[in-house]
Amino acid sequence: MAEQTLRQPVTVAITGASGAQYGLRLVEALVLAGHEVWVMVSKAAHLVIETETDVTLPARPERMAQALVERSGAAEGQIRCFGREDWMAPVASGSGAPSAMVICPCSTGTLSAVATGASNNLIERAADVALKERRQLILVPRETPLSAIHLEHMLNLTRMGAVILPAAPGFYHRPATVDDLVDFIVARILNQLGIEHHLLPRWGEQASYPR
């Protein structure tokens with residue numbers, strides 16, 4: 001895939017909630033769909049990825065990008081990674097190239113920071129930029145049970161224009177593997193982004209679905 005044919009960038013931030021598989025699979029799906037992917041990984045997310053998966057992501061952005069390129073089969077330059085305090089990254093300013101943003105998974109700490117405009121690191125700042133510029137922002141929380149604090153933050157963010165898409169996979173597609181459950185959520189994210197995919201049939205497209 002030639003670099004000049006890449007579609008508009010999508011920013012993916014992976015934070016420290018359980019469910020790192022969702023974020024990693026989302027990066028793969030966006031690469032397959034031909035999009036440039038801008039990736040940020042929080043310090044806690046590195047620990048979660050190490051705990052939950054067999055994937056090893058180096059901390060340095062350049063090496064992390066190369067590891068993700070090798071894992072996803074991306075073209076050279078298709079994946080760009082940014083450090084937690086890389087304030088010169090395009091996502092740090094509204095004058096940067098427009099990009100939809102997905103925080104997947106989204107920890108409740110990140111949820112709180114975005115809802116209150118904390119902007120203590122690049123992930124939080126990028127989300128703040130998405131909100132203020134009226135760009136698409138999707139948050140994928142993975143927490144249970146939810147406290148009133150969590151629910152209030154989700155409600156406030158929804159009122160600000162963000163989409164709250166909990167990592168709560170359905171079962172009507174009769175999943176046979178954990179990967180099927182992961183793909184369910186990633187498919188819903190891609191649907192929100194308006195990106196075509198073949199991860200999961202839409203409701204009514206598969207005869208085996210209940211009627």
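**Helix contacts, aromatic pairs and backbone details**

Trainee: Ile49 lies in helix H2 of this predicted model. Is Ile49 buried or exposed?
Mentor: The relative accessibility of Ile49 is 1%. Since buried means under 20% relative accessible area, Ile49 counts as buried.

Trainee: Leaving aside its neighbours within four places in sequence, which residues is Ile49 in contact with?
Mentor: Two residues being in contact means that they have heavy atoms within 4.5 Å of each other. With sequence neighbours within four places set aside, the partners of Ile49 are Ile14, Ala20, Leu24, Val41, Val55 and Leu57.

Trainee: Which residues of H1 and H2 make the contact?
Mentor: By class, the residues in the contact of H1 with H2 divide into four nonpolar, one polar and one charged. Helix H2 supplies Val48, Ile49 and Glu52, while helix H1 supplies Ala20, Gln21 and Leu24.

Trainee: At what angle do H1 and H7 pack?
Mentor: The axes of H1 and H7 are 9 Å apart, and the two helices pack at an angle of about 55°. That makes H1 oblique to H7, and their crossing is right-handed. The angle asked for is about 55°.

Trainee: How many nonpolar residues does the contact of H1 with H7 have?
Mentor: From H1, the contact takes Gln21, Tyr22, Arg25, Leu26, Ala29 and Leu30, and from H7 it takes Leu181, Val182, Asp183, Ile185, Val186, Ile189, Leu190 and Leu193. One residue of this contact is polar and two are charged, and the number that are nonpolar is 11.

Trainee: Is the crossing of H4 and H6 left-handed or right-handed?
Mentor: The axes of helix H4 (residues 108–116) and helix H6 (residues 148–160) come within 9 Å and cross at roughly 45°, which makes H4 oblique to H6. The contact is made by Thr108, Leu111, Ser112, Val114, Ala115 and Thr116 of H4 together with His150, His153, Met154, Leu157 and Met160 of H6. By class, this contact of H4 with H6 has six nonpolar, five polar and no charged residues. The crossing of H4 and H6 is left-handed.

Trainee: How many residues apart are Trp38 and Phe82, which form a pair?
Mentor: The structure holds two aromatic pairs, and one of them is the edge-to-face pair of Trp38 and Phe82, at 6.2 Å centre to centre with 85° between the planes. Trp38 is in strand S2 (residues 35–41), whereas Phe82 is in the loop between strand S3 (79–81) and strand S4 (100–106), and the sequence separation of these distant parts of the chain is 44 residues.

Trainee: What kind of pair do the rings of Tyr172 and Phe184 form?
Mentor: Tyr172 and Phe184 have their ring centres 5.6 Å apart and their planes at 75°. Planes over 60 degrees apart meet the cut-off for this class, so the pair is edge-to-face.

Trainee: Is Phe184 buried or exposed?
Mentor: Tyr172, at 28% relative accessibility, counts as partly exposed. Phe184, by contrast, has 4% relative accessibility and therefore counts as buried.

Trainee: Which residue does a cis peptide bond join to Cys104?
Mentor: The residue in question has its place in strand S4. With omega at about -5°, the cis bond joins Cys104 to Pro105.

Trainee: Is Arg134 buried or exposed?
Mentor: Arg134 has its place in the loop between H5 and S5, and its phi is near 60°, a positive value in a residue other than glycine. Its relative accessibility is 69%, and since the class asked for begins over 50%, Arg134 counts as exposed.

Note on methods:
Residues are numbered from 1 along each chain as its sequence is written. This is a predicted model: local features need pLDDT of at least 70, side-chain atom pairs count only at pLDDT 80 or more; totals for chains, interfaces and linings use all residues. Side-chain values use heavy atoms; hydrogens and water are left out. Axes are lines fitted to C-alpha atoms, for helices over the stretch in contact, and angles run from 0 to 180 degrees between N-to-C directions. Helices (H or I, at least four residues) and strands (E, at least two) are DSSP runs, numbered from the N terminus. Angles under 35 degrees count as roughly parallel, over 145 as roughly antiparallel, 65 to 115 as roughly perpendicular and the rest as oblique. A crossing is left-handed if the near helix is turned anticlockwise from the far one by less than a right angle, and right-handed if clockwise. Ala, Val, Leu, Ile, Met, Phe, Trp, Tyr, Cys and Pro count as nonpolar, Asp, Glu, Lys and Arg as charged, and the others, Gly among them, as polar. Rings of Phe, Tyr and Trp (its six-membered ring) pair if their centres lie within 6.5 Å; planes under 30 degrees apart count as stacked, over 60 as edge-to-face and the rest as tilted. Buried means under 20% relative accessible area, exposed over 50%, partly exposed in between (1.4 Å probe, protein chains only).
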